[in-house]
Each structure stands twice: as C-alpha cells, then as structure tokens.
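Hi,

Here is the structure I promised to send over.

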Amino acid sequence: MLTKLKPTQADEEERELLAKEDRYCSHGDTVHYAEHPKLFERCEGSYLYDLHGREYLDLQMWYSAVNLGYANKVVSNALRAQLERLPQLACQYLHREKIELAEMVCESIERGFGMKGRVQFNVGGSQAIEDALKLVRKSTGRQRMLAFQGGYHGRTLGASAITSSYRYREAFGEFADRAEFIPYPYPFRSPYKGDAQRMEDHHIAEFERNG
Ligand SMILES: Cc1ncc(COP(=O)(O)O)c(C=O)c1O
C-alpha cells in the first residue's frame, strides 16, 4: 500500500534507500546499467508508481507483466490462496496444481502444434536453458551447441557460456562449453540489407558450416 508522503519526505527516503542499495545490494545485477536507477513502490495494470506517487506508463512491461498486467487481481488471489493452502512441497511429492497445469499446457500445445509432450517445470529463464542443454545431452549424447549471436540466455554458467555478448562473460574467465555462435537472420541489421534472399542464403550457409 502506498503511504502518502510529502515530497521532501519521499526525496529523503529515496536518497536513504539508494544509499543502502549501494552499500548492501550486489552490484552484479542489471540495475547498475542505469546511472540513476529508479525506485518503484507499487504497480497496477500498465502503470508503475514511484515513492512520490508519480505514475509511469511502462512501455517495457517485462516478464509476465506484458501478458498479465501488473498486480492482476486474478493472479494475486490465486497466489494468495495457494500460499495459504500449500506454499511449498518437496519435489518428490505431488500436488494437484502441478498436474492440472501440465495437462493444460500439453493440451494447448497439442491443439496449436499437433505435438504431444510433457512439461518440465522450472523456476526461471536460466534454469530452463540449463534444462534444455541437459535434455539435448541426455537424449542425443551431443554436447556442441549452436547459439545465435546477440542472444541472451541468462546468468547461470551454462546459459552464460552460450550467450554471445562478451559483457556477460568477460568477468568470469574461460568457459569449457562454448557454443558456436551463428548470425541471427535479422533483415534490419543484415549486411545484405534489402536483399532477403542473399541474407537467407548467407545464414543457412553459416548454419551448415558450423552445424
Ligand atoms: C530470452 C531470455 N532467456 C533467459 C533469460 C534469463 O531468465 P532468468 O532471469 O529468469 O534466469 C532472460 C531474462 O531476461 C531472457 O530474456
């Protein structure tokens, strides 16, 4: 809940929080890409609100915010009910929601793409990539990966190794399992701008050369 603060109090509180962040929070995170990171207090729909109660239309809507909207009541109520009923469970036990959600996801994919499968649940993007890498190793015995230049896969070791951008890897030394990086077929930044066929031929040739 947003506490109404006089502008001076809000300024002071913001200054104190930023100083504490600088002192106590890891600087390894993306927040320090911005020179003056913004502090937010609450959110609703497509809007974020800062300590002054100022409203910002969020044109990025990162992560699930883009699909669900901020502070979506249906999601919040379901989360609250689950937190009160069964907030956690060791993964060797089962619970209804896991099974029913897996069924919904599988049925939706089967309807949309005609493919049968099972769901591997995970807690985030990097871990999903890690699982995908392990799945490939386990089912094909292959270890060499192809990854697109400019792609971002997360900050775990495995995901960093197949992320082409040097800034995500430079502080961490050598990676044993690097991917072969191939160009992404993006006409806007292609060296063959305006010639889609040449761009496509070039990318397929690169893919075959590395694959
Ligand atoms: C395409 C992509 N893959 C992986 C990740 C990593 O996800 P997480 O931060 O949940 O580990 C991100 C996060 O922004 C992403 O955008």
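**Where the ligand sits**

The ligand is found in the largest pocket. Do keep in mind that this is a predicted model, so please read everything below as computed from it.

Which residues surround the ligand? They are Y63, G124, G125, S126, Y152, H153 and G154. Sorted by class, that shell comes out as five polar residues and two nonpolar ones, with no charged residues.

On the oxygen side, the side chain of S126 puts an N or O atom 2.5 Å from an oxygen atom of the ligand. G125 comes in through its backbone instead, with a polar atom 2.8 Å from a ligand oxygen.

How much of the ligand does the protein bury? On its own the ligand exposes 390 Å², and 55% of that is buried by the protein.

**Domains**

Zooming out, the protein chain splits into three pieces: domain 1 covers 35-85, domain 2 covers 93-122 and domain 3 covers 125-210. Between the C-alpha centres of domain 1 and domain 2 there are 27 Å.

That's the lot from me.

Cheers

Methods: Residues are numbered from 1 along each chain as its sequence is written. This is a predicted model: local features need pLDDT of at least 70, side-chain atom pairs count only at pLDDT 80 or more; totals for chains, interfaces and linings use all residues. Side-chain values use heavy atoms; hydrogens and water are left out. A residue is near a molecule or strand if one of its heavy atoms lies within 4 Å of it. A polar contact is a pair of N or O atoms within 3.5 Å; within protein, one must be able to donate a hydrogen and the other to accept it, and residues adjacent in sequence count only if both atoms are side-chain atoms. Accessible areas come from the Shrake-Rupley method with a 1.4 Å probe; for residues, only the protein chains shown count as cover. On a 1 Å grid over the protein atoms alone, a cavity is a set of points where a 1.4 Å probe fits but cannot get out, and a pocket is an open set with protein on both sides within 12 Å along at least five of seven lines; lining residues have an atom within 4 Å of a point. A molecule sits in a cavity or pocket if more than half of its atoms lie within 2 Å of its grid points. Ala, Val, Leu, Ile, Met, Phe, Trp, Tyr, Cys and Pro count as nonpolar, Asp, Glu, Lys and Arg as charged, and the others, Gly among them, as polar. Domain bounds come from an automatic or database domain assignment.
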